[in-house]
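Dear colleague,

I am handing over the structure we spoke of, and below it you will find notes on its side-chain contacts. Please read them alongside the coordinates.

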Amino acid sequence: MSPDLDAFDSRRSTVYARTGVVATSQPLAAQAGIQSLQSGGNAFDAAVATAATLNVVEPMSTGIGGDVFAMYRTADGDVGAMRSCGGAPAAATRETIRDRLNTESPTMPSSGPLAVTVPGTVRGWERLLTDYGQYGFETALEPAITHASEGYPVSEIIADAWTRNADTFIDAIGKETFSVSDGTPSVGDVIRLPHLAETFKSIAQGGADAFYEDSLATQIASAVRDRGGLLESSDLAEFEAEYVDPVSTTYRGATVYELPPNNQGLIALEALNIASKVDAGSYAYDSADRIHYYAESLKRAFHDGHHYITDPEFESIPDLASSSYAANRAESIGPYASDVSVGGPGMPPEDSDTVLLTVADRAGNVVSLINSIFEPFGSGVVVPDTGIVLQNRGASFTLDPSHPNTLEPKKRPFHTLIPGLIQFDSDDWAAFGVMGGYMQPQGHLQVLANLLDYGFDSQAALNAPRWRYCDDGSLAVEERFADGVLGKLARRGHEVTVRPPSAFGGAQFARRRGDVLSGATDPRKDGTAIGF
């Protein structure tokens, strides 16, 4: 009998521990992180071990063909952010893309070789391990290599996503790499990814240079160009990860840290600030008022973020996280739904597959790390004999020269990925995040409100029913809201639609409060939170 993927019929409670805690969307990956901590690694080692294992056990969502970002608070008290996000190939001009598409009204393709941008993951992982970890790639990649070579049973929600997106691949290479003898894997089928195991072994031995500068780089670039894309080996060789200053705001006494542009962290911060101005958290939890005022705050933040956020090296971006900016935007919020667009021409698809993990250790390190190849199985381009799926982040560009996210050579696209960090008090820090394209800042707003406005514990904050504004203007909701709430929202002018839990992202949470660690994981995913 197939599992009911929409059921929430098992009890989850917050996990508490003293030495380490890991939360992510697949149990084997969480276990890899815990094993890293148990063998003497810290939260940064555990984060990379977990992320690498997710590449194996949840391959439609993440991989070394994509990008990675991290927010962290170190044991020494430093708060920082790492961005490892590749840009468009040097040869990727709007004119070249139009010529390659050869259509009357060309638009940036959502998949295929022209949507491939430079992968940032491997350089990002190495940077974190080198600067903050205890070990290198040889140790961090060991669990991923073991699962890829020896095999692992596919879990329920991942099996469903795998099957639904099996036609994404642009040729037989991808289908052969990620299939079983009778097609796509079912729940419990054992999957082996031997080519990916060999790729990880090469990286374990040669470091990130094995991916960006050696024969593997040539294979990656050739796979893209042979299929009509523009990526060159030089694009890979020139790439470096970077540290950036987080952006932040204060909400209900807590400080919330997010990634700056080209990521959408400013959207989450602006939404929090507007919600504070309209006092959205003063309404009863089970009321339509609560959802209405949070949603209207979010709509304005989305509109602004999608108008301004891009690669800051190409365009200037206003301070969307300022209190004065929020006060101005809050003035237009009333008791009825407003006609504010949250999407717009040239913006990326609103849904994506992503993995997020959170780790906290006894020393005081707290890490939120997010990894993605964007949409399920990314661009659909799989590099032959490597197991590498390349991302389709180029889909976030537009060919409209007047749009802030217009395609330009080496430009980084608008990026949905936003790991988060919260300081509740001087010795109380949490790493968190919510996966899923446009759901990410909406999820940040809702999880933080549940924690800070309504006093939920971390697991309850993740369990609670969610809403999301969609780019078609509708307000999508889970069906588990209190009786009468959805009808009242409709009477306020919201176009309410009920969608399954899979449409509302997947959150993870790890906290260090004094010398007690805790973790929580989203019931909408296969994941788990493990402590020891």
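**Salt bridges**

Lys299 is buried, and Glu296 is buried as well, where buried means under 20% relative accessible area, exposed means over 50% and partly exposed lies in between (1.4 Å probe, protein chains only). This is a predicted model, in which local features need pLDDT of at least 70 and side-chain atom pairs count only at pLDDT 80 or more, whereas totals for chains, interfaces and linings use all residues. Residues are numbered from 1 along each chain as its sequence is written, and side-chain values use heavy atoms, with hydrogens and water left out.

Lys299 and Glu296 form a salt bridge whose closest N and O atoms are 2.9 Å apart, the term standing for a side-chain nitrogen of Lys or Arg within 4 Å of a carboxyl oxygen of Asp or Glu. Because they are 3 residues apart in helix H14 (residues 288-308), about one helical turn separates Lys299 from Glu296; helices (H or I, at least four residues) and strands (E, at least two) are DSSP runs numbered from the N terminus. Salt bridges with shared partners also join Arg83, Glu242, Asp311, Glu313 and Arg412 into one network.

By this rule the count comes to 28 salt bridges. Among them is the one between Lys201 and Glu198, at 3.2 Å from N to O, and both of these residues lie in helix H9 (residues 194-206), 3 residues apart. Lys201 is partly exposed at 32% relative accessible area, and Glu198 is partly exposed at 44%.

**Aromatic rings and charges**

Rings of Phe, Tyr and Trp (its six-membered ring) pair if their centres lie within 6.5 Å, and planes under 30 degrees apart count as stacked, over 60 as edge-to-face and the rest as tilted. By this rule the count comes to 17 aromatic pairs. One of them is the tilted pair of Tyr72 and Tyr132, with 5.1 Å from centre to centre and 50° between the planes. This pair links distant parts of the chain, since Tyr72 is in strand S3 (residues 67-73) and Tyr132 in helix H4 (residues 121-132), 60 residues apart. Tyr72 is buried at 3% relative accessibility, whereas Tyr132 is partly exposed at 25%.

The charged end of Arg511 sits over the ring of Phe424, 3.8 Å from its centre, which requires NZ of Lys or CZ of Arg within 6 Å of the ring centre and within 35 degrees of the ring normal.

Best regards
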